[in-house]
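Here is a short briefing on one structure. Keep the sequence and the 3D view at hand while reading.

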Amino acid sequence: MRVVALISGTVQGVGYRWFVSRAAAARGLAGSATNLPDGRVEVVLEGPADDVRAVVAELSGRRSPGAVTGVEVQEDVGRGMSGFTVR
């Protein structure tokens, strides 16, 4: 399963991308977390559906740094990604 999530709120400069990277690594997921020019963070997660869903649930959870005001999630076709990139 692959998802692309756009995270809104105060999510840049607060360690949010590194939080996502650790959550993805804990579940063995591939993907990326990228700061966007408009202040959002784009998160791409790819791997087993249950693990992807679990990390998506954490994106706005209590442990997430900053102040998340919105999470837009779109499912996508898997691309066979490996590793996790923070940009």
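Y16 and F19 are separated by about one helical turn, because they sit three residues apart in helix α1. They belong to a predicted model.

**The aromatic pair**
- The structure holds one aromatic pair. The ring centres of Y16 and F19 lie 5.9 Å apart, and their planes meet at 50 degrees, so the pair is tilted.
- Y16 is buried, because its relative accessibility is 1% and the cut-off for buried is under 20%.
- F19 is buried as well, with a relative accessible area of 8%.

**The nonpolar core**
- The largest nonpolar core has 18 residues. Y16 is one of those with the most contacts inside it, along with I7, V20, V41, V43, L45 and L59.
- β1, α1, β3 and α2 each give two or more residues to this core. Helix α1 gives the most, with five residues.
- V41 has contacts with A5, L6, I7, V11, Q12, Y16, R17, A33, T34 and N35, leaving aside residues up to four places away in sequence.

- Five strands make an open sheet in the order β4-β1-β3-β2-β5, and the pairing is mixed.
- β4 (67-76) and β5 (84-86) are the edge strands, each pairing on one side only.
- From one strand to the next, the twist averages 15 degrees.
- β2 (residues 30-35) pairs with β3 (residues 41-46) in the antiparallel sense, over six bridges. Within this pairing, S32 has V44 of β3 as its bridge partner.
- β2 and β3 form a hairpin with five residues between them. G39, in the turn, has a positive phi of about 95 degrees.
- β1 and β3 also run antiparallel, joined by six bridges.

- Buried residues in α2 are D51, V52, A54, V55 and V56. Their cover includes β1, α1, β3 and β4.
- R53 is also in helix α2. Is R53 buried or partly exposed? R53 is partly exposed, because its relative accessible area is 47%, and that class runs between 20% and 50%.
- R53 and S82 are 29 residues apart in sequence. In space, their C-alpha atoms are 18 Å apart.

- E46 lies in strand β3. E46 counts as buried, because its relative accessibility is 10% and the cut-off is under 20%.
- Which residues stand opposite E46 in β3? R2 is one of them, and A30 is another.
- What does the side chain of E46 reach at 2.6 Å? It is the backbone nitrogen of G80.
- The backbone nitrogen of M81 lies 3.1 Å from a polar atom of the E46 side chain.
- E46 touches M1, R2, L29, A30, V52, G78, R79, G80 and M81, not counting residues up to four places away in sequence. This set includes both R2 and A30, the residues opposite E46. V52 of helix α2 is in the set too.

Key:
Residues numbered from 1 in each chain as written. Predicted model: local features only at pLDDT ≥ 70, side-chain atom pairs only at ≥ 80, totals over all residues. Heavy atoms only, no water. Pairing = 2+ DSSP bridges. Helix = DSSP H or I, 4+ residues; strand = E, 2+ residues; numbered from the N terminus. Axes fitted to C-alpha atoms, helices over the stretch in contact; angles between N-to-C directions. Buried < 20%, exposed > 50% of the residue type's maximum accessible area, 1.4 Å probe, protein only. Polar contact = N/O pair within 3.5 Å; in protein donor to acceptor, adjacent residues only side chain to side chain. Contact = heavy atoms within 4.5 Å. Phe/Tyr/Trp six-rings, centres within 6.5 Å; stacked < 30°, edge-to-face > 60°. Core = buried A, V, L, I, M, F, W, Y, C linked by side-chain atoms within 4.5 Å.
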